[in-house]
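Welcome! Have the sequence and the 3D view ready, and let's take a friendly walk through this protein together.

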Amino acid sequence: MKARRARPGRHLRPVNALRLLGHDEELMAFHNRCIAEGYSLKKTVRPYRRQDGGLTCRFVWRKRSDEPAMTIEYTVRWRGARG
């Protein structure tokens with residue numbers, strides 16, 4: 001008998017990043033700190049639906065200047081109901 005491979009999750013359609021930020025107060029506070037330091041948020045995120053029904057989103061802030069460019073990536077995992 002062959003062992004089955006676990007089926008991975010899948011990416012969903014891109015979503016406006018600011019709309020998702022509004023659902024989490026701590027994440028919105030982090031966003032405001034990044035903006036105050038001169039970073040800009042990538043406009044969209046591509047949520048990933050995990051096998052357990054939850055969502056994972058990766059938010060990206062970038063700061064470009066004469067110095068080396070800086071990037072902040074923040075990954076958020078939300079729990080969801082399976083089914």
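On one side of helix H2, Glu25, Glu26 and Ala36 are exposed. Elsewhere in H2, Leu27, Phe30, His31 and Cys34 are buried. Keep in mind as you look around that this is a predicted model.

**Helix H2**

- H2 covers residues 25–36, which makes twelve residues.
- From its first C-alpha to its last, H2 reaches 17 Å, close to the 16 Å expected at 1.5 Å a residue.
- Why do the buried residues of H2 line one face of the helix? Seen down the axis of H2, they fall within an arc of 105 degrees, so they share that face.
- To count as buried, a residue must have under 20% relative accessible area, while an exposed one has over 50%.

**The protein as a whole**

- You can find two helices and seven strands in this protein.
- Starting at the N terminus, the order of the elements is β-β-α-α-β-β-β-β-β.
- The protein has 83 residues, and 24% of them count as buried.

- Strand E6 spans residues 55–63, and strand E7 spans residues 70–78.
- How do E6 and E7 run? They are antiparallel, and nine bridges join them.
- Together E6 and E7 form a hairpin, with six residues between the two strands.

- Which strand gives the most to the lining of the second largest pocket? E6 does, with four residues.
- Strand E4 (44–45) and E6 each supply at least two residues of this lining.
- By type, the lining residues divide into four nonpolar, three polar and three charged.

- Look for Gly9 in the segment before strand E1 (10–11).
- Gly9 has 24% relative accessibility, so it counts as partly exposed.
- Gly9 and Tyr48 are 39 residues apart along the chain, and their C-alpha atoms are separated by 6.9 Å.

How values were computed:
Residues numbered from 1 in each chain as written. Predicted model: local features only at pLDDT ≥ 70, side-chain atom pairs only at ≥ 80, totals over all residues. Heavy atoms only, no water. Nonpolar A, V, L, I, M, F, W, Y, C, P; charged D, E, K, R; others polar. Pairing = 2+ DSSP bridges. Expected span 1.5 Å × (residues − 1). Buried < 20%, exposed > 50% of the residue type's maximum accessible area, 1.4 Å probe, protein only. Arc of directions from axis to C-beta.
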